[in-house]
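Here are some friendly notes to read alongside the model. Please keep the structure open as you go through the points.

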Amino acid sequence: NHRRRIVIGGPYAKTLSEHTTPWDLPANGGDIDDCPICLDALGDPQTYNINSDQSRSLTLNQCMHSFHQTCLETLLRQNTSPFLQCPNCKKVYGIRTGTRPITGTIGHRILNTSLPGHPQHKTIEIMFNFRAGIQGPEHPNPGKNYLP
C-alpha cells in the first residue's frame, strides 16, 4: 500500500496530515464501508473526490480505521488539545493532555507495594497539589470555583 500525497486544508490540517492517509475506493467495485461516526458510505464511486476536504475520507495510520475527513474534524473541534482518538479502538494520535489548575504541581512515585490482583507489580502513586481557584475557559465549568 503506497502513501498518496494530498493537501489537507483547514485548522486541523497538521494533525490530519501527520496521522492519516487518503482512503481509496475499493478495487473492482468491492463493498464500500460506512463511516463509523456518521454511518454514511465512505465514498460514492460516482462522486468521490480525494482532492476535496469536503468529500474526502481518511484512514488512521496505525489502527487503519477509516472515516470522513469532516467527521474527524468534528472530533478534533471538540478537543482542547490537538490529539485525535479513534472512535473504534480508542488509539490516541498526537499528545492527549487534560485540564488542570494552572497553579500547583503534579508528581508521582513508585511504591514497593502491589494492588489487589497484581501481586507481581509495584504501584504508581500520582500526587496533585494545588490551591482553590476558578475554572478557566478550557475547563468543564468555566467561571465556577474548584477546591483541592
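Two strands pair if DSSP finds at least two bridges between them. Helices (H or I, at least four residues) and strands (E, at least two) are DSSP runs, numbered from the N terminus. The model is a predicted one, in which local features need pLDDT of at least 70 and side-chain atom pairs count only at pLDDT 80 or more, while totals for chains, interfaces and linings use all residues. Residues are numbered from 1 along each chain as its sequence is written, and side-chain values use heavy atoms, with hydrogens and water left out.

1. The sheet. I would start with the open sheet of 3 strands, which run in the order E1-E2-E3 with antiparallel pairing. E1 and E3 are its edge strands, each pairing on one side only. On average, neighbouring strands here are turned by 35° against each other, direction ignored. (Axes are lines fitted to C-alpha atoms, for helices over the stretch in contact, and angles run from 0 to 180 degrees between N-to-C directions.)

2. The strand pairs. E1 and E2 pair in the antiparallel sense over 3 bridges, and Thr21 has Thr59 in E2 as its bridge partner. E2 and E3 are also antiparallel, over 3 bridges; here Ser57 stands opposite His68 in E3. These two strands, E2 and E3, form a hairpin with 5 residues between them, and Met64 in the turn has a positive phi of about 70°. That turn residue may be worth a look on your screen.

3. The faces of E2. Which residues of E2 are buried on one side and on the other? Ser57 and Thr59 are on one side, Leu58 and Leu60 on the other, and all are buried, so to speak of E2 is to speak of a strand covered on both faces. Buried means under 20% relative accessible area, exposed over 50%, and partly exposed in between (1.4 Å probe, protein chains only). Leaving aside neighbours within four places in sequence, Leu58 is in contact (heavy atoms within 4.5 Å) with residues including Ile6, Ile8, Leu16, Trp23, Phe67 and Leu72.

4. Helix H2. H2 spans residues 69–77, and its buried residues are Gln69, Cys71, Leu72, Glu73 and Leu76. What covers them includes helix H1 (13–19) and the strands E1 (20–22), E2 (57–60), E3 (66–68) and E4 (83–85).

5. The core. The largest nonpolar core has 19 residues, and those with the most contacts inside it are Ile8, Leu16, Leu58, Leu60, Phe67, Leu72 and Leu84. (A nonpolar core is a set of buried Ala, Val, Leu, Ile, Met, Phe, Trp, Tyr and Cys residues joined through side-chain atoms within 4.5 Å.) H1, E2 and H2 are the elements that give two or more residues to this core, and the largest share, 3 residues, comes from H2.

6. The aromatic pairs. The structure holds 2 aromatic pairs. One of them, Trp23 with Tyr48, is edge-to-face, at 5.2 Å centre to centre and 90° between the planes. Both residues lie in the loop between E1 and E2, so the pair ties together parts that are 25 residues apart in sequence. Trp23 and Tyr48 are both buried. (Rings of Phe, Tyr and Trp, its six-membered ring, pair if their centres lie within 6.5 Å; planes under 30 degrees apart count as stacked, over 60 as edge-to-face and the rest as tilted.)

7. The loop between E8 and E9. A polar atom of the Gln135 side chain lies 2.8 Å from the backbone nitrogen of Asn141. Beyond four places in sequence, the contacts of Gln135 include Pro140, Pro142, Lys144 and Tyr146. Glu138 is found in the loop between E8 and E9 too, but is partly exposed, with a relative accessible area of 34%. The C-alpha atoms of Glu138 and His108 are separated by 24 Å.

8. Strand E6. Leu111 lies in E6 (residues 105–111) and is partly exposed, at 23% relative accessible area. Not counting residues up to four places away in sequence, Leu111 touches Lys122, Thr123 and Glu125. Its C-alpha atom is separated by 39 Å from that of Thr20, 91 residues apart along the chain.

Definitions and conventions. Polar contact = N/O pair within 3.5 Å; in protein donor to acceptor, adjacent residues only side chain to side chain.
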